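Grab a pencil and work through these exercises with the model on your screen.

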Amino acid sequence: MIWLETIANGILLGGLYALIGLGLGFAFGVMRVVNVAQGDFIVAAAFIGLYLYPWTPVHPILVILPVALIAFGIGILLQRLLINRVLGHDQIPQILLTFGLAIVLRNGMVAWFGANSQSINVGNMRFWGFNFLGMRLGVLPVVVLVIAIVLFAALRFWLNRSRMGRIIRATADDHQVVQLLGVNYRNVYAVAMGLALALSAVAGVLLAMRGSFTPYSGADRLLIAFEVVVIGGLGSFWGMFIGGIVLGVTQLLALKIDPSAGLMYGHIVFFIILILSPQGLSSLFSMKVFRK
Amino acid sequence: MDKSFGSRLLTSRRQVIKSIAGGTAAALAMPYVHRAIAADDKIRIGYIDQFTGIRANFAETAPWVIDQIKAQLKDGLEIGGKKYEVEILTRDSQSDPNRMGSLGNELVLRENVDLLLVADGLAAPALEICDQNGTPAISTILQWEPFYAARGSNPDKGYPWSFLFFWSGADIIKNYVGMWGASGIDKVVGTFYEDNDFGRGFSGGMTASLKDAGFKEVQGGLFKEQVDDFSNQVAAFREGGAKIVTGLVFPQHFATFWGQAQQAGLDIEAATIAAAFVFPSGVEVLGDQGAGMSTEIWFNRQLPFKSSLNGQSANDFCSAYEASTGKQWAQPMGYEHAIWEVGLAALKNSGNPKKREAVRDAIAGLDLDTIIGKVDFKNSKMKSVANTWVTMGQWHKNPKGSKFPYELYVTNNVTAPQVPIQKEFMPLSKFR
């Protein structure tokens, strides 16, 4: 039973990991932009959430909405003012740019907010638990998993069914051909980056509710995001979700057997999958959305 | 005036040119006098602390303490009937041992400081440079076991030039076990630790002590810093029936652990954690659930001690900090002040602060009542080390409308009977 509980907790943790990876994977899938500053944006979103949640009506967990909106705006500005300028055949400039941005963000946050660890207080919800099939699970982790599933499904649905979604997919396929059809791909990229950061922001705020964070947490978050994206297969949606779950379950099972292992077994699984199937798990399902 | 004018002529070409240009009368009237003191009349003190980086919260109070000391020393320091100007060179170790070494080099070899003060847990690289070059150094906020172990020394051998005053890792474990023993809580302890030097050391000592004292230990093991899930430890503690949790855990990790423990219905009567609850922020991150958390105390505002530098009591000292910074007092500030008390007392007692041997012997012969209590190198059985007290305490919620949500009180004084108990220890269920 205790093993089942560990697996269940791993799935709950994995849902959050999947969400951490989603923003990074989406930006990469659409624009081929590797946003190295993703982890630090996640932490920055958590800080924004920290300052907004006392004013959030009904329930503090709803703070994810204003934070996502702000992050969406920041994403558009980021893409328009910075990343669009360095786009081209060479990927190195944008990696360097976002890398520099990550350093500036991190040190800026240390300077403004201090190095203390912070947490978003969702009231007593953080401490609630319930019995389920003989297991004892936390309410907040379940809520986080549900939010993750809803966001994955909503994004998939929106990309498939809406006009903007179709434009984004077309731009992802070939940003030069869409220009022939009157689409300004730079604007599409701006919207996509806005969405990517909004998704990351939700992950950041949920992470800050589940545990806590410091301005230095960004690097660990980025590593998780990368692994989720690579395990899942670049640009694949449900692959990423499964990637997150695989990482979460592996980590908790490994910690149960060897508490001092840390994230090592997660990294090993990541490594094995990378060797066996460089396209990620999704090549097994071939459910890609963006590219052939 | 005449003398200082003369020495200015000798020491500074630029000022000579200025004086000639401005006319002698104008130059005499200018406020150059302080700067004109020759190098022999100037004491240079280096101060290294972890102002930024992963352990920056230990030094959050330090800049204010240094400003206070600088204000105190602005008219210089009189030693053996002679007035000395004091220059303080502050450096940031960034919580990085490599940088600590290069700062030690810079201050000792290039800046040629007369005394080095290090209030940083990773002082060893800088202290080693002092020992090699014959510069007196005083360190604190580092337990004496690693102080000896880091550079292969022992209490009989000591070090030639570097000194330490702080409490011992063995004492803190005695205090933990003593407090639980006196509390009447079931003797089942769940333990988990950060996987670092301090965590590993703490873990070994704790396991042995728990066994000796007849406690049952439920081991949660060591965990890595990147981990953000503690459901396994929670499940193990629940299965093992732990009523007490302890370990060396950083605040963000404990907050995650505590959330999951509550979700899983883990019933805990005492949470006694090193590191996490030293600072008010570690308790505040738990929201309403911070009351009753217990930890070691090495300084707090209710202590009956006062500063030998400015006569401030511990309470006045903390209040002055809160009034000028708007932040709550924190334990390291007592030691950050005391290291200056010790350093300046040694310089005074030396008779000649520019003579390294005299300063070193003055430190070794020091027995001083400071804001953190007695710092006694003179009668210490250990070479180079003055052992200070450590005791136990608990965070209580402040009354509504207070400036800060929690306040720390001494509840037990197992190894330090000279420290008065301020409140009785209570199990966590009494706080809910």
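Two residues are in contact if their C-beta atoms, placed from the backbone, lie within 7 Å. This is a predicted model, so local features need pLDDT of at least 70 and side-chain atom pairs count only at pLDDT 80 or more, while totals for chains, interfaces and linings use all residues. Residues are numbered from 1 along each chain as its sequence is written, and chains are lettered from A and ligands numbered from 1 in the order in which they are written.

**Exercise 1.** Find the residues in contact with B:Val249, leaving aside neighbours within four places in sequence.

Step 1: A residue is buried if 20 or more other C-beta atoms lie within 10 Å of its own, exposed if 12 or fewer, and partly exposed in between, with C-beta atoms placed from the backbone. A nonpolar core is a set of buried Ala, Val, Leu, Ile, Met, Phe, Trp, Tyr and Cys residues joined through C-beta atoms within 7 Å. The largest such core has 130 residues, and B:Val249 is among those with the most contacts inside it, as are B:Leu116 and B:Val342.
Step 2: look for the top contributor. Helices (H or I, at least four residues) and strands (E, at least two) are DSSP runs, numbered from the N terminus. Helix H14 (residues 332-350) of chain B gives the most to this core, nine residues.

**Exercise 2.** Work out which side of helix H4 (residues 62-72) of chain B holds its buried residues.

*Solution.* Step 1: list the buried ones, namely B:Ala62, B:Val65, B:Gln68 and B:Ile69.
Step 1: check the arc (that of the directions from the helix axis to the C-beta atoms). They cover only 120 degrees around the axis, so they sit on the same side of H4(B).
Step 2: recall the geometry. An α-helix has 3.6 residues a turn, so residues three or four places apart point the same way.
Step 3: find the partners. The buried residues of H4(B) pack against strand E1 (42-49), strand E4 (115-119) and H14 of chain B.
Step 4: turn to the other side of H4(B), where B:Asp67 and B:Ala71 are exposed.

**Exercise 3.** Describe how chain B meets chain A.

*Solution.* Step 1: count. 30 residues of chain B are in contact with 32 residues of chain A.
Step 1: name the elements. On the chain B side, strand E8 (216-223), helix H10 (231-240) and helix H11 (251-263) each supply at least two residues. H11(B) has the largest share, with eight residues.
Step 2: sort the residues of that side by type (Ala, Val, Leu, Ile, Met, Phe, Trp, Tyr, Cys and Pro count as nonpolar, Asp, Glu, Lys and Arg as charged, and the others, Gly among them, as polar). You get ten nonpolar, 16 polar and four charged.

**Exercise 4.** Is B:Ala242 buried or exposed?

*Solution.* Step 1: locate B:Ala242 in the loop between H10 and strand E9 (244-249) of chain B.
Step 1: count neighbours. There are 27 C-beta neighbours inside 10 Å, so B:Ala242 counts as buried.
Step 2: see what B:Ala242 touches. Not counting residues up to four places away in sequence, the list is B:Val188, B:Val189, B:Gly190, B:Val218 and B:Phe237.
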